[in-house]
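I am opening my notebook on a structure that is new to me.

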Amino acid sequence: MRKTLKIADDVLLAAKELAKKSNKTTGQMISELARKGLDSVPEDSADFMGFRPLPKRGAVITSKLINQLREELGD
């Protein structure tokens, strides 16, 4: 999914360096780092930006997957 974000220059530079070392794109690295940050929020903590993050279930739920499931269910 393509989005435009304003990211601090130092954070972007660090993400680019990590991506290069890991043979990943900068977008992949930023997504990975964001997931790690969200996974580190304790379940019993206060809501995070208005919602409580769900526990990791092994798959990323995308709009494409939701639409595919809707088609299969005939909704």
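Before counting, I noted what counts as an element: helices are DSSP runs of at least four residues, strands are runs of at least two, and numbering starts at the N terminus.

**Entry 1: the whole chain.** I am working with a predicted model. I counted 3 helices and 0 strands in the protein chain. Reading from the N terminus, I wrote the order down as α-α-α. Next I looked up burial, where buried means under 20% relative accessible area. Of the 75 residues in the protein chain, 4% count as buried. I also looked up the accessible surface of the protein chain, which is about 7,100 Å². Carbon and sulfur atoms account for 56% of that surface.

**Entry 2: helix α1.** I found α1 at residues 9–22. Helix α1 has 14 residues, and I read 20 Å from its first C-alpha to its last. That is close to the 20 Å expected at 1.5 Å a residue.

**Entry 3: α1 against α2.** How do the axes of α1 and α2 cross? I looked up α2 at residues 26–39, and the two axes come within 8 Å and cross at roughly 105 degrees. Angles of 65 to 115 degrees count as roughly perpendicular, so α1 is roughly perpendicular to α2.

Then I listed who meets whom. From α1 come Leu12, Ala15, Lys16, Leu18, Ala19 and Ser22. On the α2 side I wrote down Thr26, Met29, Ile30 and Leu33. Sorted by class, this contact of α1 with α2 has 7 nonpolar, 2 polar and 1 charged residues.

**Entry 4: Asn23.** Which residue follows α1? I found Asn23 there, in the loop between α1 and α2. Most residues other than glycine have a negative phi. Asn23 is not a glycine, yet I read a positive phi of about 60 degrees for it. Is Asn23 buried or exposed? Its relative accessible area is 74%, and exposed means over 50%, so I marked Asn23 as exposed.

**Entry 5: Val60.** My last stop was the loop between α2 and α3 (63–73), where I found Val60. Because its relative accessibility is 54%, Val60 counts as exposed. What does Val60 touch, leaving aside its neighbours within four places in sequence? I found Val60 in contact with Arg35 and Leu65.

Methods: Residues are numbered from 1 along each chain as its sequence is written. This is a predicted model: local features need pLDDT of at least 70, side-chain atom pairs count only at pLDDT 80 or more; totals for chains, interfaces and linings use all residues. Side-chain values use heavy atoms; hydrogens and water are left out. Axes are lines fitted to C-alpha atoms, for helices over the stretch in contact, and angles run from 0 to 180 degrees between N-to-C directions. Angles under 35 degrees count as roughly parallel, over 145 as roughly antiparallel, 65 to 115 as roughly perpendicular and the rest as oblique. Contact means heavy atoms within 4.5 Å. Ala, Val, Leu, Ile, Met, Phe, Trp, Tyr, Cys and Pro count as nonpolar, Asp, Glu, Lys and Arg as charged, and the others, Gly among them, as polar. Buried means under 20% relative accessible area, exposed over 50%, partly exposed in between (1.4 Å probe, protein chains only). Accessible areas come from the Shrake-Rupley method with a 1.4 Å probe; for residues, only the protein chains shown count as cover. The expected span of a helix is 1.5 Å times one less than its number of residues.
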